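Hi,

Here is the structure I said I would pass on. Have a look at it first, and my notes on what turned up follow below.

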Amino acid sequence: MRKERTGHPAPPRRRPGGGPAAAGRGPSGPQRNVRLLLEYEGTRYAGWQVQQGQRTVAGEILSAIRGALGESPKLIGAGRTDQGVHAEGQVANFFTRATLSAEAIAESLNAVLPQDINILEARDAPLSFHARHDALARRYRYQFASRRSAFFKRLIWWVRQPLDHAAMEQAAGALVGRHDFTSFADRGAEIAEPRVRVFHAALRRGEFVTSFTIEADHFLPRMVRRIVGVLVQIGLHHIPVEAMQRFLSEIVDDPAAWTSPPSGLFLERVIYRGDRGAPPAS
């Protein structure tokens, strides 16, 4: 190693983001499949998926992989969150020949990632593992508040009028089961399967933040934000509780007008076979 005149080892080169340059470069090993568990605040990003000319979460992670490992793999995410949507438990995987341990890969990526993206865990997975196709269910949480907050504006939807939570809970109960959610999806979206199996849907009240949690085998574009919008309309007594059931049995455009903002939405968890509480594969 080259020495400086002081006799101390020269510091490693650093990328503009502050992490060591190409920490994982070196002898190439056999191909591995690395599974990531990560969290991010989506406020500054145009969603998860890489988009030309846009700053995205996946784009930032791929940039970190190039800088830390010297590779440009395909990054597979379990959920394609929209612009401004957050994640507490996103799962992704990529193939690499880096010889670093999985723990060291996580440390190397975090050293160069922006502060609003964080790798919680990296571990080796079977080569057959696919973050999106292997998922049995995903759980989303939406947070809306009854008052203004100096701290959580980017993470909640402030609904200024009082809500009838009992009516909202009753309407949420109609979501459980297998239903056609076309009324809650973007009309222009390509939807392979509009019928969604919902395992759980419920509200939980806090001191000033109410959260709505929904777990299903898959989700349609904008589905959760439009469900929340309908629930709020029911809570405001603008539409009856029975409207939720009607939107599930008929294809209508009404929910699109009530799409809730992305700020309150989180991808909370992705569930795989063998995980605690995993639903049976369908």
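The buried residues of helix 2 pack against strand 1 (32–40), helix 1 (57–69), strand 3 (86–96) and strand 4 (117–125). Helix 2 itself covers residues 102–112, and its buried set is Ala-102, Ala-104, Ile-105, Ala-106, Ser-108, Leu-109 and Val-112. As a reminder, an α-helix has 3.6 residues a turn, so residues three or four places apart point the same way. Do keep in mind that this is a predicted model.

On to the pocket, which I guess you will want to open next. The largest pocket comes out at a volume of about 890 Å³. Its lining has 28 residues, and those nearest the centre are Arg-80, Asp-82, Phe-219, Leu-220 and Pro-221. By class, that lining splits into 13 nonpolar, seven polar and eight charged residues. Strand 5 (135–145) and helix 4 (223–235) each give at least two residues to the lining, and helix 4 has the largest share, with three residues.

One of the residues nearest the pocket centre, Asp-82, also takes part in a salt bridge: its side chain meets that of Arg-222 at 3.0 Å, N to O. Asp-82 sits in the loop between strand 2 (76–77) and strand 3, while Arg-222 sits in the loop between strand 9 (209–216) and helix 4, so this pair ties together parts that are 140 residues apart in sequence.

You will find Ala-256 in the loop between helix 5 (243–249) and strand 10 (265–272). With a relative accessible area of 38%, Ala-256 is partly exposed.

There is more on the charged side chains, as the whole structure has 15 salt bridges. Take Arg-141 and Glu-88, whose closest N and O atoms are 2.7 Å apart. Arg-141 is in strand 5 and Glu-88 in strand 3, so to speak a link between distant parts of the chain, 53 residues apart. Arg-141 is buried, at 11% relative accessible area, whereas Glu-88 is partly exposed, at 33%.

Then there is Arg-139, which forms a salt bridge with Glu-215, the closest N and O atoms being 2.8 Å apart. Because Arg-139 belongs to strand 5 and Glu-215 to strand 9, the pair ties together parts that are 76 residues apart in sequence. Why does Glu-215 count as buried? Its relative accessibility is 6%, and the cut-off for buried is under 20%. Which residues end up in one network with these? Through shared partners, salt bridges join Glu-88, Arg-139, Arg-141, Glu-215 and Glu-268.

Last, a word on His-165, which is found in helix 3 (residues 165–173). His-165 is buried, with a relative accessible area of 12%. Apart from neighbours within four places in sequence, His-165 is in contact with Leu-203, Arg-205 and Thr-210.

Cheers

Key. Residues numbered from 1 in each chain as written. Predicted model: local features only at pLDDT ≥ 70, side-chain atom pairs only at ≥ 80, totals over all residues. Heavy atoms only, no water. Helix = DSSP H or I, 4+ residues; strand = E, 2+ residues; numbered from the N terminus. Buried < 20%, exposed > 50% of the residue type's maximum accessible area, 1.4 Å probe, protein only. 1 Å grid on protein atoms, 1.4 Å probe; cavity = no way out; pocket = protein on both sides within 12 Å on 5 of 7 lines; lining within 4 Å. Points joined across faces, edges and corners; volume = space filled by probe spheres on them. Nonpolar A, V, L, I, M, F, W, Y, C, P; charged D, E, K, R; others polar. Contact = heavy atoms within 4.5 Å. Salt bridge = Lys/Arg side-chain N within 4 Å of Asp/Glu carboxyl O.
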